[in-house]
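Hi everyone, thanks for coming.

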Amino acid sequence: MKALKNWSLAEQTETGLALLVEDQHALVIRVLEHALIRVSLLKDGVHRLDRTWAIAPNGDVPWEGRSREDLSGFTCPGFSLTQENNRLQLTTDCLRLTVETPLALVWEYRDTANAEWQEIARDRPQDAYMLGRRDHRKSHFMRRFDGERYYGLGEKTGSLERSGRRFEMRNLDAMGYDARTTDPLYKHIPFTITDRGPLGAYGLYYDTLAHCWFDLGNEKDNYHPPFRAFRASDGELDYYFSWAPSVLEIVKRHHWLTGGTAFMPRWGLGYSGSTMAYTDSENAQERLEGFMAKLAEEDMPCDSFQMSSGYTAIKGKRYVFHWNTDRFPNVRALTNAYADADINLIANIKPVLLDDHPLYEEVETAGLFIKDSETGAPEQSPFWDGNGSHLDFTNPEAIVWWQNNLKEKLFDKGISSTWNDNNEYEVWDDEAVCTGFGKEIPVGLIRPLHSQLMTRASYDAQVADQPVKRPYLISRCAAPGTQRYAQTWTGDNYTSWDTLRWNIPMGLGLSLSGFYNIGHDVGGFAGPKPEPELFLRWVQNGIFHPRFTIHSWNDDGTANEAWMYPEITPLIRKALKFRAQLIPYLYTLLYRAVTDGEPILRPLWLDFPEDQLAQASEFEFLFGTDLLVATVIEKGAESRSVPLPACPEGWWDFAGTTWYPGGQMLDVPVTQDTIPLFVRGGTVLPTAGPNTRSTAPTDKTRTWRIYPQNPDAPARESRAYDDDGVSANALASDHCLTRMTLSRHSATVMLNWHMSGTYKPAYDQVDLWLAGSSPLVVNGAPTSTETPLFFV
């Protein structure tokens, strides 16, 4: 590695400038938006990988990737450029970037209050940029300052605030991880947010798929002031710098930059059953059919079941697309029964063919595997049930093969949704050859891309099979952009109270990194089966996540099931039914995520950045902007401390019996039945009636739960989104959006609402429920909560 010091201005363009560095390399700066600037360091003036699959501000990227020179989707506003001595200064409406000598960048923003420039970030003054002389390693070093707070990096363990730690991006199948310490994990998300408090916040997204590290204060060097580091073993040093007054705006901009969130069907928000134990049983079909019967017997709401890979297993080995007909003697009877019950089956699929797979020779002959760097034969990697080869999803023929098998082995048998699993691509021959859509790429440059392309291949296949419906997919491994296709979760967690606790900041880290549609394996996946109290508390927490799945591979072979402990089954049933009643609110949150870029899971400080209680919060979160979730996460707890952030509207307990001013720590007594949940004043919460399905046709009862704000606090708007839950064109055409504005003057609560759109929901009236006992006026007319609103 060698530090880069000297530079000269080589060119000014309409979108930025190019520097000649050390008379050999190029540093290209592009103004994409007034508050978004891209910096690219090109060794010898050329890209190591001239394509990106993450950047998608105006729709999805081509299969073969988007050219790094493509600036479509950005406004590329004008800027000014000045040069004086050994400094160069580029200025937009709100950012000023100074290039100093030795090579280092300084970032400032314009304070709108006094029109002065304030420094927000700067590179380390010496050795800020380094390049490998004989390889393609790259490093970037920036200054650290007292009081900075670091967030992002996706599903990382430990505290949500990342200061003082070092993290690695090297996607692994980390089954049974420690939710406090294990690193790396499943996903590759090289994005950080730096919160500078009153100076605002900035995001740094390094657009690379190569193995890389982030050091956020763990490393010290006597010859440099405090610094942070990004290091990559290969690939690009191509980063996007974004500034905004708040962290929330940075989160939303990154979500937009990487293509947004998939709009999945409504049923995907319901409870989804799963366990390895069923499909690993020799009577697997009988057990899956028994699950349906047990749901009816126990009166449990459920919308889907995720079939683990045991349906493909022979003598303990998994063979993707190969049915074990002993375990499943009549697949069509099973899928028909689930369809009749309106429960969606989701099949586990894997991108590795074991070397004794019945289709291995066919795939090898067709050249569809990633190839060994030395022999040209299919690469061989250890898989948990043997050795196998990974499909090359940069080969169009492999994509076609995959989609044909999905059609024949799953879709034609009545299973239309996919669970894209074990797709971390642990290929440790870094130079193994990928087809690269006609331009070969070593796998070390793009390992996590394969998981994304695998998921996209499944997505497109599902769309082709059912073009009028929105597809539902899950993917375990992910890179920025995967959220355009699939829901995800935090992998194969370990069953413990610690995991229940620390999965909360892990999920919030994913949400801050642009992955909004997420969840955890409820009850714990690996290790001992959960004790009754732990299982109950996990369910009570899981119902407040977009992906709500009880899943397991318990050491004793048992399955985590909603009815596994009769002594707590009534409380589990109550939690599941409460989740079902929250579906209209959660579906609206999904709509807001897709259309407005609003995170679904939010740390308290995201909406209350000035509040000290919110800043200190680690294990509480906002579910949307209106519900504060503080579930019980300690064994034997008799109380729960709940921070209520300061806000003029105040907070209600969910039952609507007590209003609390914000800015206090509340001590809530708890029993097994208690789910501490608070609603922000000024909220109108849309809820459903008792229902065993999350589908729109069964949602025939609607209640607006009205939580008035403190008198004379500002009015607040709530929304409720409805459509048929499945149509691919719902956002563009047939849907219904209700806007509800709640205000309060003295003792009177005033609700004004307006419904727009062409879709007619299954409900034709709305029941009004009011927290407290104030008079209620609806659209200017005094109204009783005993009188429902009728729609025509």
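**Pockets, a helix and a few residues**

Let's start with the largest pocket: 26 residues line it, and W267, N344, S416, Q466 and K469 are the ones nearest its centre. Before I go on, please keep in mind that this is a predicted model, where local features need pLDDT of at least 70, side-chain atom pairs count only at pLDDT 80 or more, and totals for chains, interfaces and linings use all residues. Residues are numbered from 1 along each chain as its sequence is written, and side-chain values use heavy atoms, with hydrogens and water left out.

The volume is the space filled by probe spheres set on the points, which are joined across faces, edges and corners.

How much space lies in the largest pocket? About 510 Å³. The elements giving two or more residues to its lining are α4 (331–340) and β26 (344–349), and α4 gives the most, with 3 residues. Helices (H or I, at least four residues) and strands (E, at least two) are DSSP runs, numbered from the N terminus. By class, the lining of the largest pocket has 12 nonpolar, 9 polar and 5 charged residues. Ala, Val, Leu, Ile, Met, Phe, Trp, Tyr, Cys and Pro count as nonpolar, Asp, Glu, Lys and Arg as charged, and the others, Gly among them, as polar.

On to the second largest pocket, with a volume of about 420 Å³. Its lining counts 19 residues, and nearest the centre are F654, D673, T674, I675 and L677. Here α10 (569–581) and β45 (677–680) are the elements that give two or more residues, and the largest share, 5 residues, comes from α10. The lining of this second largest pocket has 11 nonpolar, 5 polar and 3 charged residues.

Helix α10 also turns up in our next stop, among the elements covering the buried residues of α3, which include β22 (272–275), α2 (276–279), β23 (304–307) and α4 as well. Those buried residues (under 20% relative accessible area, with exposed over 50% and partly exposed in between, 1.4 Å probe, protein chains only) are A284, Q285, L288, F291, M292, L295 and E298. At 1.5 Å a residue, the 15 residues of α3 (residues 284–298) should span 21 Å, and the end C-alpha atoms are 21 Å apart, which agrees. The expected span is 1.5 Å times one less than the number of residues. After α3 comes D299, with a positive phi near 60°.

Now, how many disulfides are there? The count is 0, with a disulfide being a pair of cysteine sulfur atoms within 2.5 Å. Take C434: its sulfur is 14 Å from the closest cysteine sulfur, in C477, so that is too far for a bond. C434 is buried, at 0% relative accessible area.

Last, two single residues. T657 lies in the loop between β42 (651–653) and β43 (659–660). Is T657 buried or exposed? At 60% relative accessibility, T657 counts as exposed. W497, in helix α8 (residues 497–512), counts as buried at 15%. Leaving aside neighbours within four places in sequence, W497 is in contact (heavy atoms within 4.5 Å) with E531, E533, L534, R537, I633, E634 and K635.

Note on methods
1 Å grid on protein atoms, 1.4 Å probe; cavity = no way out; pocket = protein on both sides within 12 Å on 5 of 7 lines; lining within 4 Å.
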